[in-house]
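Please take a moment to look over the sequence and the model shown here, and keep both in view while reading about the charged side chains that pair with one another.

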Amino acid sequence: MARAVTDVPMREGGAGVFVLPTPSELARAVAGRLWGVARERTGAGPVHIALSGGETPRKAYQTLAAEPYRGRFPWGSVHFWQTDERFVPASDPRSNRRMIGEALLSRAPVPRGNFHGIDTSLPGPGEAARAYASELRGAFPGAPGGVPRFDVAVLGIGADGHTASLFPGSPALAEELALALPVEGGDPPLPRVTVTLPVLNAVLRVVFVLQGEGKAKVMRDVVAAFRDPSLRSPGLPATLVAPRRGTVVFLADAAAASLLPASSRSPG
Ligand code: 6PG
C-alpha cells in the first residue's frame, strides 16, 4: 500500500510532490491514492473519478484492478469518467477508452453504468463533446455553477505540457462555460474531446502522474510554476490546473523527477 501523504491545498500555494523509485511503485502509489480517496468519500454519496488516457496510467489502473486493491475498493459506489478522448473508434489502439477498458474495466467489478465514456460513435467530436457535457450535468445535479466536482482526477502531462487534451496555445484554454469541447492536437494531430479548465479546476484532488526521463524537463517546469504562480502559462497548460478548493499532488518515478531541485520534493 502507498504510504499516507499529505496533499497541499492550493490556497496555501504549491503542490505535494512525491517521488517513487520505480514505475511499479509509482503505479502502486496512484492506485493506493485512488483507493484512499474512494474509501474516505464513500458514505457521502457516489464517488466520481476522472481518468486520463495515454500510456502512463495503464499500470496504475491494472494495479487498482488487482489484489490487494481489487477486494477492498468500493466498486459499487464509484463512477469513472474520462478526462479526454481521441476521436477514433473504441477498438482503435489509440483509443483512451480502449486502454481504460483493457487495464481496468475488463479486470475489475465496475458495475455497468458506472463508467461514463466519451462516445466516439457519434458523428463528430462536437456531438461527442455535447453529449458528454450533458451526461456530466445530469450526474451532478445542483453542482455550484453547473460545474461537476470530481472527487479525484488522474492526469498525465505530455512533454509539451498538455494535460487532458488541452494543448499549448489552444483556444480551448480560454473556455469558461462549456464542460467539454472538441479540440485538435497531439502528434500526429487528431480530433479529440476534452474536459475544460473549469472542470479540472473544480476537482477536489488532482493527481498528476509522470513516468520516465522523457517527462523530466516538463515536470521540472510545471512544478516550478506551482511554486511560483507567475510562471503559469497557456504555453504549458498543465500549469493552469489550479483547483480553487482542491489539492494537487504530483506522483513521479525517479526518472521523471530527475531534474527537480531537491527542495521541490515533499517530505514523507
Ligand atoms: C491523451 C491523454 C493525455 C496524456 C498525456 C500523457 O489522450 O493523450 O489523456 O493528456 O495524459 O498525453 O500521455 P502519456 O502518458 O502517454 O505520456
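What follows is a walk through some of the salt bridges and their surroundings.

This is a predicted model, in which local features need pLDDT of at least 70 and side-chain atom pairs count only at pLDDT 80 or more, while totals for chains, interfaces and linings use all residues. Residues are numbered from 1 along each chain as its sequence is written, and side-chain values use heavy atoms, with hydrogens and water left out.

The structure holds eight salt bridges, a salt bridge being a side-chain nitrogen of Lys or Arg within 4 Å of a carboxyl oxygen of Asp or Glu. One of them joins Arg41 to Asp151, with the closest N and O atoms 2.7 Å apart. This pair links distant parts of the chain, 110 residues apart, since Arg41 belongs to helix H1 (residues 23–41) and Asp151 to the loop between helix H5 (125–139) and strand E7 (152–155); helices (H or I, at least four residues) and strands (E, at least two) are DSSP runs, numbered from the N terminus. Asp151 is buried at a relative accessible area of 5%, whereas Arg41, at 30%, is partly exposed (buried means under 20% relative accessible area, exposed over 50%, partly exposed in between, with a 1.4 Å probe and protein chains only).

Within helix H7 (residues 216–227), Lys217 and Asp221 lie four residues apart, about one turn of the helix, and they form a salt bridge whose closest N and O atoms are 3.4 Å apart. Lys217 is exposed at 51% relative accessibility, while Asp221 is partly exposed at 25%.
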